[in-house]
Structures are given as structure tokens and as C-alpha cells.
Amino acid sequence: VVCGVVVSSSAVWLKPRQEANKTLDRQMNVLVAAGLKDEKEKLTPEEVAARFESIESQVIDLASGDVAADIDPATFDQRKAAGDPDTSRPAPDNRAGVRRLPNHALVYSVYDEQGGLAKVVLPIEGKGLWSTLYGFLALEPDLNTVSGITFYEHAETPGLGGEVDNPSWKARWPGRLVYGDDGEPKLEVIKGPAGPAAEDPYRVDGLSGATLTARGVSYLVQFWLGEAGFQTYLDRLKESA
């Protein structure tokens with residue numbers, strides 16, 4: 001009984017700290033994707049908060065693209081929402097392995113010193129070879145050019161699919177384009193090397209020995225930037241620009 005009380009009390013006592021660490025980790029990954037933090041750079045929570053001042057967090061209705069002003073971004077948990085039948089819906093057939101779509105999603109807008117939109121950071125997720133990959137994709141103000149990408153949680157094979165974490169591979173994403181002339185997501189990770197972004201804008205270098213993980217990255221990017229994901233929201237941003 002005593003042990004049970006101690007364990008329960010510890011869990012309750014540690015929960016606020018765990019939630020704070022989760023928020024801090026999410027913010028750091030958003031900063032990395034947006035190019036506001038180097039991956040090797042060590043920041044204190046205060047420094048993270050200071051850099052995050054240029055970023056506006058918003059919860060949007062995924063279907064309509066409208067901002068859900070009645071939902072607090074600070075407490076909204078998108079992954080929890082996706083797992084709750086009351087706050088999610090079945091996803092359409094897709095190759096990214098996404099089974100349920102949250103009704104709402106958390107997005108980030110980065111603003112420059114003049115108050116203009118500098119970047120948009122979107123959460124992305126999907127199946128790799130062994131696991132679900134969770135990350136962020138940042139777009140330039142044209143909402144078509146990739147600014148950065150990061151994956152902060154997965155269980156892919158180290159040295160193979162785990163290379164989605166490799167800074168040198170992620171450095172090959174900026175400058176690539178998401179949408180083709182038909183308005184559909186076209187960006188993909190290929191098998192083998194791709195050309196420079198200016199000459200080969202819709203393709204990214206493959207991951208050696210990790211074809212299925214690379215294919216999963218293609219599928220999840222295309223899904224979340226497509227009609228079932230953030231395309232409606234991005235179209236609304238373009239209209240309001």
C-alpha cells in the first residue's frame with residue numbers, strides 16, 4: 001500500500017514537469033524546422049521561449065482551414081485528439097499509414113521583424129518501416145518551397161532508416177518544391193541521389209539501405225500537404241496574403 005501511494009504521488013507530482021518538458025521539446029523542434037535553431041545548439045528553456053516569441057501557435061479546423069479560436073494552443077494535444085473518436089474521424093485511404101485524422105491541428109506561423117509571414121511550420125506523421133515517424137515541415141512564405149524538415153520521434157533502424165535524423169540529409173530539403181503545376185503534392189524521396197534543388201525541385205536524395213523508410217517519408221509528406229491534410233489551410237493563407 002505504501003509503495004502504491006508513493007508511486008501514485010510521484011506520478012502526480014511529476015506530471016506537470018513531464019508536460020512542460022514535452023512542450024519544450026516540441027518548441028525546440030519547431031525552431032529547428034524553421035531554421036531558428038541549430039540542431040547541436042544547446043538552449044535553456046528561457047532562450048527557447050525568447051526565440052519562440054516570433055512564432056504564433058494556432059489550432060485550425062483541418063477540414064475547413066479556419067482558425068479554431070476557442071481552442072487553446074498551449075493545451076491542445078493533437079496526437080491525443082487523433083486517438084479520440086470524439087475529436088477525430090477515419091482518414092481516407094492513404095499510403096502514409098494514417099488511420100485517423102484529428103478534427104483540429106496545431107500549426108505555427110513565423111513572423112519577421114516587420115510582422116510579415118516568414119515561414120509556416122506544419123506537424124507531419126506517418127509510417128516508416130518499423131514505426132510511426134513524427135516531425136515538422138517548414139514552408140517559405142510562398143507556401144510551396146520547403147524551408148526545413150525534422151523528425152523528433154521514431155523507431156527506425158539506426159544507420160539506415162534512422163538517418164532521417166541526419167542533419168546532412170535534412171539539409172537537402174530546403175529549396176525543394178511541394179506542389180506541381182496541377183496543384184497536387186509532388187515532392188518525394190527517391191532511390192539514389194537527386195539533383196540540386198534548382199534543377200530537380202521535386203525530388204530528395206534517398207536513404208541508403210532504407211528504401212521503405214524513405215518511401216514512407218514521401219507518402220507522409222504528400223498526405224499532410226494534400227487535400228486531407230493542410231492543403232485547404234494553405235490555400236486560405238494564400239487567399240489572405
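Visitor: Which backbone oxygen does the side chain of Lys 37 reach?

Guide: A polar contact is a pair of N or O atoms within 3.5 Å; within protein, one must be able to donate a hydrogen and the other to accept it, and residues adjacent in sequence count only if both atoms are side-chain atoms. Here the Lys 37 side chain reaches the backbone oxygen of Glu 41 at 3.0 Å. This is a predicted model, where local features need pLDDT of at least 70 and side-chain atom pairs count only at pLDDT 80 or more, while totals for chains, interfaces and linings use all residues. Residues are numbered from 1 along each chain as its sequence is written, and side-chain values use heavy atoms, with hydrogens and water left out.

Visitor: Where does Lys 37 lie?

Guide: In the loop between α1 (2–33) and α2 (45–51). Helices (H or I, at least four residues) and strands (E, at least two) are DSSP runs, numbered from the N terminus.

Visitor: Is Lys 37 buried or exposed?

Guide: Buried means under 20% relative accessible area, exposed over 50%, partly exposed in between (1.4 Å probe, protein chains only). Lys 37 is buried and has no salt bridge. A salt bridge needs a side-chain nitrogen of Lys or Arg within 4 Å of a carboxyl oxygen of Asp or Glu. For Lys 37, the nearest side chain of opposite charge is Glu 41, 5.6 Å away. Lys and Arg count as positive, Asp and Glu as negative; His and the chain ends are not counted.

Visitor: What does Lys 37 touch?

Guide: Contact means heavy atoms within 4.5 Å. Leaving out residues up to four places away in sequence, Lys 37 touches Met 28, Leu 31, Val 32, Leu 43 and Arg 51.

Visitor: With which residue does Arg 51 form a salt bridge?

Guide: Side chains of opposite charge can pair when their charged atoms come close. Arg 51 pairs with Glu 41, with the closest N and O atoms 2.6 Å apart. Arg 51 is in helix α2 and Glu 41 in the loop between α1 and α2, so this bridge ties together parts 10 residues apart in sequence. Arg 51 is partly exposed at 29%, and Glu 41 is partly exposed at 26%.

Visitor: How many salt bridges are there?

Guide: The count is 6. Among them, Lys 170 and Glu 39 meet at 2.8 Å, N to O. Lys 170 lies in helix α4 (residues 167–170) and Glu 39 in the loop between α1 and α2, so the pair ties together parts 131 residues apart in sequence. Lys 170 is buried at 6%; Glu 39 is partly exposed at 37%.

Visitor: Now the rings. How many aromatic pairs does the structure hold?

Guide: It holds 6. Rings of Phe, Tyr and Trp (its six-membered ring) pair if their centres lie within 6.5 Å; planes under 30 degrees apart count as stacked, over 60 as edge-to-face and the rest as tilted. Phe 223 and Trp 224 have ring centres 5.2 Å apart and planes at 90°, so they are edge-to-face. Trp 224 and Phe 230 have centres 5.7 Å apart and planes at 35°, so that pair is tilted. Phe 223 is buried at 10%, Trp 224 at 1% and Phe 230 at 0%.

Visitor: Which residues do ring pairs link into a cluster?

Guide: Phe 52, Tyr 108, Phe 136 and Tyr 152.

Visitor: And which charge sits over the ring of Tyr 202?

Guide: The test is NZ of Lys or CZ of Arg within 6 Å of the ring centre and within 35 degrees of the ring normal. The charged end of Lys 186 sits over Tyr 202, 4.4 Å from the ring centre. Arg 79 lies over the face of Tyr 134, at 3.6 Å from the ring centre.
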